[in-house]
Amino acid sequence: MLLIRIIILSITLVCSAKLIAMPVQDYLPTGSQFNSKISSPRHSLGFEIGQRHVRHDQLKSYFYQLAKDSERVSITSMGKTPQQREQLLVTISSAKNLANLSTILSDRDIFSQKVSQQKKQSDKQKADSAPLVIWLGYSVHGDEISGANAAMIVAYYLAANTDEKMAELLANTVIVLEPSINPDGMDRFVNWVSTYRNSTDNSDVNHIEHHQDWVTGRTNHFWFDLNRDWLLLSQQESQHRLTYFHQYQPHVVGDFHEMGHNSSYFFQPGIQSRTHPLTPKRNIELTTTLATFHAAALDKQKRLYYSEENFDDFYYGKGSTYPDINGSIGILFEQASARGMQQETINGLLTLEFSIQNHVTTSLSTINGAWKNREQLKQYRSEFYQQSDKLAKQENFAGYLLHESKDNFRLNALLSKLAQHKINAYPLNAEFEYRDKKYQKNNSYYVPLAQPQFRLIQALFNQQTDFKNNTFYDVSGWTMPLAMNIESIQINRTRGLKLVNQAWTQPTQFSQNSTSSPAYGYIFEWHHFLAPKLLNNLLANNIKARVATKTFTSVINGKNKQFKAGSIVIPAGIQKNPDWQATLLEASNSTGITLDSISTGLTMKGVDIGSSSLKPISKAKTLLLGGSGISQYEAGEVRFYLDETLNIPLSIIDHAQLRKVDLSSYTHIILVDGNYQHVSDHTAKQLKQWAEQGGVIVSQKRASLWLAKQEILQARFVSKEHINQLFDNDNLSYQDKEDLASSKRIAGAIFQVELDISHPLAYGYQQKLLPLFRNSNLIMEHPKQPFVTLAQYTPAPLMSGYTDKNLVNRLAHNAAIVAHNVGKGRVIATTEVLAFRGYWHGSAKLLANSLFFSKIFSAPYK
């Protein structure tokens with residue numbers, strides 16, 4: 001008897017210390033009946049949803065089991081993440097719809113080639129009678145995990161529900177789930193919280209379970225925020241998804257997130273004055289209509305929620321806004337996050353189960369609301385694209401002409417992004433003269449406004465600088481041609497413009513180099529985006545290369561050709577690697593870079609090949625400083641550009657470990673934005689000594705400010721007090737507080753600088769004017785010392801996005817990038833973000849130049 005009492009007492013204590021797991025039915029509407037042959041998540045996982053955190057492989061296994069059990073469920077593999085996790089797309093509908101899915105989707109395709117008016121009318125009738133399409137995407141931020149868990153419950157509900165109304169809905173609706181948009185970040189987070197979860201429940205907000213290390217699960221493998229990449233498409237996860245997004249062309253898109261633990265629940269609409277002007281007002285009206293369904297569902301459960309605050313619909317690169325510029329209704333959902341199993345909040349105990357249930361509730365209210373308003377949603381999408389030609393005719397120009405004569409890689413990268421967004425760009429079929437400039441057919445393309453994606457074209461090319469509301473949740477300027485540094489002009493006449501009928505498609509192969517005859521040496525020019533990749537490959541294979549610091553002319557294939565400073569020369573006579581020619585050929589062909597062979601070291605004009613003006617180049621060994629306080633986003637951008645794009649090895653070391661590292665083996669250290677106040681004095685002294693002995697430091701934003709305080713960088717910065725003095729504080733009431741703070745911010749805009757293209761760090765740049773991205777109000781004064789400034793702002797620098805005129809005027813003429821000697825070493829510092837979000841190809845090369853040409857220049861600071 002005593003033993004029985006002890007056992008009962010033990011069970012009681014365990015139950016009181018553990019949250020009691022909810023069976024899947026408790027997350028779902030009461031009274032639902034389910035097919036017992038359909039596996040619930042518990043049967044696959046071995047535990048209930050919300051009882052512990054689910055790994056991606058477990059989530060994947062459940063969905064494959066569900067597809068095996070139910071004829072309503074189909075699984076598509078969209079591709080794999082950088083860490084080789086599968087990106088799942090789950091389509092749920094009636095068996096008949098799934099069997100005819102390809103036909104259903106093709107009948108709705110508004111991006112097909114131009115056809116007769118009769119066929120257009122037929123296609124419209126098919127589209128009107130086609131099923132409603134709802135897309136629900138979960139946990140794009142891997143540590144906002146309640147969404148991925150909710151996806152399993154929603155899928156089970158749709159697959160197993162035996163109600164006749166469900167059968168009717170699925171017969172007329174295609175529901176698409178992306179259960180984990182960020183699998184790599186998801187597992188990073190799950191591993192963290194599972195490692196630090198205690199055996200007993202712990203709701204202490206200070207517990208390590210709730211505070212991830214650097215880097216967090218929010219980001220993907222390359223530490224990018226995938227919820228900013230829908231428009232930019234720098235990451236493979238986004239590229240994989242977009243193919244299917246445009247295939248399904250959904251009417252409604254749900255985007256499920258988490259926010260701070262002391263919040264409640266948010267659903268859109270957001271702040272209407274901060275909606276992008278290209279988004280139709282009807283979009284907001286339909287979003288508001290659907291919001292009544294979310295409110296009713298949450299009211300029924302007595303849940304706290306809010307709308308029309310905090311969040312906006314301006315930047316089109318997010319999961320809830322990209323649909324808005326593509327004829328869909330995008331809806332953001334934000335749930336207060338337990339960021340683990342449970343946390344104490346101002347609203348009481350917040351559990352993972354509670355968070356999951358809210359997302360399940362609004363997933364179902366989205367489906368219900370869309371179903372009840374299906375005719376309005378279909379009509380909206382149809383009219384959205386029908387208006388394109390009419391809107392295009394209202395503009396005072398016909399389209400955009402794109403041109404880049406020197407670097408096909410950047411040009412093709414831009415054209416590829418346009419094509420992925422279903423935007424047609426047509427090659428010129430003959431030379432075109434416009435405003436006294438001739439555009440050659442092999443490097444110029446025309447993007448007409450009159451095509452279905454009219455609004456998206458405007459969103460990508462627009463250079464708006466005036467706004468009704470100056471508060472932005474994210475960036476306000478993202479103009480893609482500026483980011484790629486591709487010439488883009490509006491043309492108002494097409495007379496004489498001859499185009500190829502077929503829009504641009506990705507080239508399948510590059511022209512191939514050959515080394516059939518012996519050569520004195522080889523040359524390749526530095527203007528190609530992948531030139532640093534080729535050079536690094538050669539240096540890694542012990543192939544000796546030199547950079548020309550002066551212009552010269554050599555005979556190439558019987559004709560004189562001028563090579564500018566920055567051209568890379570590979571002389572045959574100094575090579576020691578017996579396979580150097582084969583390696584050079586393979587490496588150059590893989591990058592699509594043309595090799596010019598020379599038969600003599602004697603040039604026709606300028607310096608000869610044996611001149612001391614051709615400087616030897618050494619392989620860089622680069623260290624990136626990371627750790628607590630350092631921006632994981634900027635670190636990820638540098639990592640992605642150097643490691644992934646250029647294949648340049650990059651060692652990442654936590655700043656707390658730096659004092660234990662022998663820095664003498666490194667040539668370069670990169671410091672991105674972050675709070676460096678916690679970096680020890682010993683580490684700062686160590687860095688300064690290393691630089692004075694010959695090391696090179698490259699810095700961005702607050703890292704540059706910190707280097708100046710350590711007297712490593714000789715630069716002066718505008719103080720916060722001075723920034724405050726730029727703004728009139730008189731006659732302000734309390735309600736003006738937020739507007740004033742917004743005026744002092746630069747959330748993300750594009751500025752023009754003048755580049756010193758004679759400087760070795762600017763090798764490869766043809767034009768002096770360069771667009772740079774800036775997202776801080778940190779301003780570096782223009783140095784009085786000559787030869788130190790690599791880039792400075794033009795007199796009227798704002799090109800795209802919002803920045804208060806006081807800050808624009810203060811930036812004008814000041815320095816954007818400076819570089820000078822530090823003893824035997826160098827420091828190269830900027831207040832900008834050179835490789836912003838992986839698509840800013842225009843300025844990214846400055847980072848590579850800092851690795852290879854940092855010792856080519858000398859600018860002592862006196």
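Me: Why are α20 and α26 called roughly perpendicular to each other?
Reply: This is a predicted model, in which local features need pLDDT of at least 70 and side-chain atom pairs count only at pLDDT 80 or more, while totals for chains, interfaces and linings use all residues. Residues are numbered from 1 along each chain as its sequence is written, and side-chain values use heavy atoms, with hydrogens and water left out. The axes of α20 and α26, which come within 11 Å, cross at roughly 65°; angles of 65 to 115 degrees count as roughly perpendicular, and the two helices are therefore described that way.

Me: How do you know that the length of α20 agrees with a helix?
Reply: The expected span is 1.5 Å times one less than the number of residues, so the 14 residues of α20 (residues 632-645) should span 20 Å, and the 18 Å between the end C-alpha atoms agrees with this.

Me: What is the kink in α20 centred on?
Reply: The kink, of about 25°, is centred on Arg-639, the bend being the angle between axes fitted to the seven residues ending there and the seven starting there.

Me: What makes α20 mostly covered?
Reply: Of its 14 residues, 11 are buried, meaning under 20% relative accessible area (1.4 Å probe, protein chains only); among them are Val-638, Tyr-641 and Leu-642.

Me: Which residues of α26 do Val-638, Tyr-641 and Leu-642 meet?
Reply: These three meet Ala-844, Lys-845, Leu-847, Ala-848 and Leu-851, where contact means heavy atoms within 4.5 Å.

Conventions: Helix = DSSP H or I, 4+ residues; strand = E, 2+ residues; numbered from the N terminus. Buried < 20%, exposed > 50% of the residue type's maximum accessible area, 1.4 Å probe, protein only. Axes fitted to C-alpha atoms, helices over the stretch in contact; angles between N-to-C directions. Parallel < 35°, antiparallel > 145°, perpendicular 65-115°, else oblique.
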